[in-house]
Amino acid sequence: MDFANQIILVSAALITFSIFAGVLSSRIGAPLLLVFLAFGMLAGEDGLGGIVFDDFNVAYLVGSFALALILFDGGLRTSRDALTRAFGPSVLLATAGVVITAAITGVAAKFLFGFDWAEAMLLGAIVGSTDAAAVFFLLHLRGLRLKPRVAATLEVESGVNDPMAIFLTLALVAIIVHGQAIASWESAADLVWDFLWQMLGGIGFGLLGGAFVLRAVNRLELSAGLYPILAGALALLVFALTQSVGASGFLAVYLVGFTLGNNPHRATSEIARFSDGMAWLAQIGMFLMMGLLVTPSALLPVLLPALAVALVLIVVARPIAVALCLWPYRFTTRETAFVSWVGLRGAVPIFLGTIPVLSGVEGAQTLFSVVYVIVLASLVLQGWTVSWAARLAEVELPPRAAPRRRVELDLPAGKGKSVVAYTVDPMSILALRQMTRLPLPAGTTVISVMRDGVVRTESLGDGVKPGDVVMMLTTADAVATLDRLFGVRKSRARAKEVGMVDFVLEASASAASIADIYGLAFEPEERPLTLEEFMRSRLGKEIKEGARTRVGGVELIAMQVSDGLVRQVGLDLDPPPRETTLTTLRTRIVEMLRFLREQFLADSSRS
């Protein structure tokens with residue numbers, strides 16, 4: 001009984017102090033996962049805590065459980081659009097990219113440590129995949145906003161590359177322990193079949209399991225608090241069943257989360273919040289446990305050569321693999337360099353490092369120590385500099401305005417709708433622009449507006465005011481747009497690129513109707529024009545995608561141009577300040593001269 005109380009006390013204290021340490025570390029930009037790992041080492045047998053923990057079986061069990069929860073949460077957060085956008089490059093990175101990275105790293109380990117080839121390649125396989133926990137944390141929890149294709153590639157790659165690393169690790173462990181080798185076509189075919197079963201079995205079980213979890217959540221009548229527990233328990237059930245038949249449970253549980261997150265279901269908010277909290281707990285627990293598992297004094301004999309292997313992995317192996325895999329997809333040099341740099345290693349390599357120890361591989365403890373040093377080097381070097389690298393590579397996008405107060409209410413499953421309520425902030429676009437009509441995205445309807453304690457259901461002729469509570473019926477896709485409308489606007493420079501808009505409008509819409517909805521100050525002679533005609537009157541005949549023109553305090557952008565006609569126009573409600581550089585002035589003069597020339601030619605032809 002006393003032992004049980006001590007376990008609870010120590011566990012709660014470690015988690016609590018880790019969270020406090022993480023809050024303090026954020027002020028100096030330290031990666032939070034590195035803090036958890038370091039705190040576990042500090043509490044271990046060589047640290048101040050003096051806790052002795054060397055049970056690799058428990059570490060493997062807890063690591064499997066935690067990774068399953070993290071991948072389930074990652075799948076919930078991965079949109080169908082992201083998967084579609086990055087499917088090709090992500091799959092190539094998750095398969096061929098892992099093999100190339102493992103091979104180059106293994107060659108470095110062979111010459112730096114003097115391992116035999118099987119052991120060297122085993123080390124490469126263990127550290128060959130990016131870590132889902134580290135990447136999901138950077139993309140979703142740290143507030144780093146990247147170009148959509150870059151973010152989607154990193155996100156999907158980290159979610160689906162574990163099967164290849166696990167397959168390579170298990171295959172090389174079997175070669176070392178049991179003396180198996182690829183000595184014939186039959187053994188090579190067996191190896192290929194094992195890999196295909198890992199991948200295809202994981203996909204099959206994941207999709208079927210996801211459909212089953214979705215149906216169970218929508219069909220069962222439960223208390224609201226039970227739906228998140230049901231979804232998590234069923235996801236773990238799919239994970240365990242898939243693992244038991246030799247397929248990739250990690251890929252399966254990721255697809256379960258993806259299926260659930262991209263289809264309407266009950267208790268959407270409750271499941272998302274519960275999964276987020278469980279993923280946090282899993283990350284903290286896993287990194288603390290991995291920190292306890294290592295003995296820092298055992299790292300000293302391998303420190304320098306392990307750092308050399310880490311350097312080869314970070315600046316040679318990963319960049320070569322990424323460059324080869326992304327070359328067919330026309331990523332820019334800067335984008336390729338950034339994807340190379342964000343190949344973070346975290347808990348997954350440490351987790352895989354327990355497999356050789358449990359399998360009785362000779363020298364496995366040395367391998368585990370080397371892996372640990374590589375992970376520490378990756379978190380320090382890459383994790384600490386990822387924001388700086390994003391700015392240097394020009395792939396970082398400005399943060400979206402976030403509403404300070406938003407309340408969501410889920411509707412019955414299958415409706416595809418939810419109710420959201422926002423409190424109008426004085427620094428939001430709606431308040432600053434004093435719009436008389438709410439520029440709502442398609443599929444959104446105002447239910448009521450509460451002002452000074454009085455609920456009004458009729459349309460407001462005077463628009464909304466700071467402090468008003470606006471309740472709307474909307475779709476999940478429209479929430480991001482509503483966040484921008486109701487969110488606090490901060491003074492910032494924004495990237496001038498196609499896609500950075502608040503609304504996309506059809507160019508056939510009349511300027512008058514758009515002006516009435518969004519409060520745009522068109523000239524009287526411009527109101528009868530369509531948006532396409534208006535853009536042409538301002539920018540001339542040869543309009544390119546991304547061309548901008550101002551109307552009062554907003555900008556209209558040519559989003560889609562085909563066959564010489566503007567098809568879609570973007571509306572940027574919060575454009576960057578006007579530039580007064582010589583280059584901008586020259587551009588405006590050239591545009592004006594072109595327009596005057598076209599008008600002169602048109603008048604001459606008519607005369």
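Visitor: What should I keep in mind before I start?

Guide: This is a predicted model, in which local features need pLDDT of at least 70 and side-chain atom pairs count only at pLDDT 80 or more, while totals for chains, interfaces and linings use all residues. Residues are numbered from 1 along each chain as its sequence is written, and side-chain values use heavy atoms, with hydrogens and water left out.

Visitor: How do I read an aromatic pair, and how many are found here?

Guide: A pair of aromatic rings is described by the distance of the centres and the angle of the planes. Rings of Phe, Tyr and Trp (its six-membered ring) pair if their centres lie within 6.5 Å; planes under 30 degrees apart count as stacked, over 60 as edge-to-face and the rest as tilted. A search of the whole structure gives 9 aromatic pairs. Among them, Phe167 and Phe195 have ring centres 5.3 Å apart and planes at 55°, so this pair is tilted. Phe167 belongs to helix H8 (residues 162–178) and Phe195 to helix H9 (residues 185–219), so the pair ties together parts 28 residues apart in sequence. Helices here are DSSP runs of H or I with at least four residues, strands are runs of E with at least two, and both are numbered from the N terminus.

Visitor: Are Phe167 and Phe195 buried or exposed?

Guide: Both Phe167 and Phe195 are buried. Buried means under 20% relative accessible area, exposed means over 50%, and partly exposed lies in between (1.4 Å probe, protein chains only).

Visitor: Which pair is edge-to-face?

Guide: One is Phe250 with Phe351, at 6.1 Å centre to centre and 75° between the planes. Phe250 sits in helix H11 (residues 249–261) and Phe351 in helix H16 (residues 347–359), so this pair links distant parts of the chain, 101 residues apart. Phe250 counts as buried at 3% relative accessibility, and Phe351 does at 2%. Ring pairs also join Phe250 and Phe351 with Tyr60 and Phe239 in a cluster.

Visitor: Which charged end sits over the ring of Phe331?

Guide: That is Arg149, whose charged end is 3.7 Å from the ring centre. The criterion is NZ of Lys or CZ of Arg within 6 Å of the ring centre and within 35 degrees of the ring normal.

Visitor: How do I read a nonpolar core?

Guide: In soluble globular proteins, nonpolar side chains tend to be buried together. A nonpolar core is a set of buried Ala, Val, Leu, Ile, Met, Phe, Trp, Tyr and Cys residues joined through side-chain atoms within 4.5 Å. The largest one has 124 residues, and Leu37, Leu146, Phe338 and Tyr372 have the most contacts inside it. Helix H17 (residues 364–381) gives the most to this core, with 12 residues. Leaving aside neighbours within four places in sequence, Tyr372 has contacts (heavy atoms within 4.5 Å) that include Leu37, Met41 and Ile350. A second, separate core of 19 residues includes Phe534, Val551, Val566 and Val569.

Visitor: What stands opposite Val569 in E9?

Guide: Ala558 does. Strands E8 (residues 554–562) and E9 (residues 565–572) pair in the antiparallel sense over 7 bridges; pairing requires at least two bridges found by DSSP. Their hairpin has 2 residues between the strands, and Asp563 there takes a positive phi near 55°.
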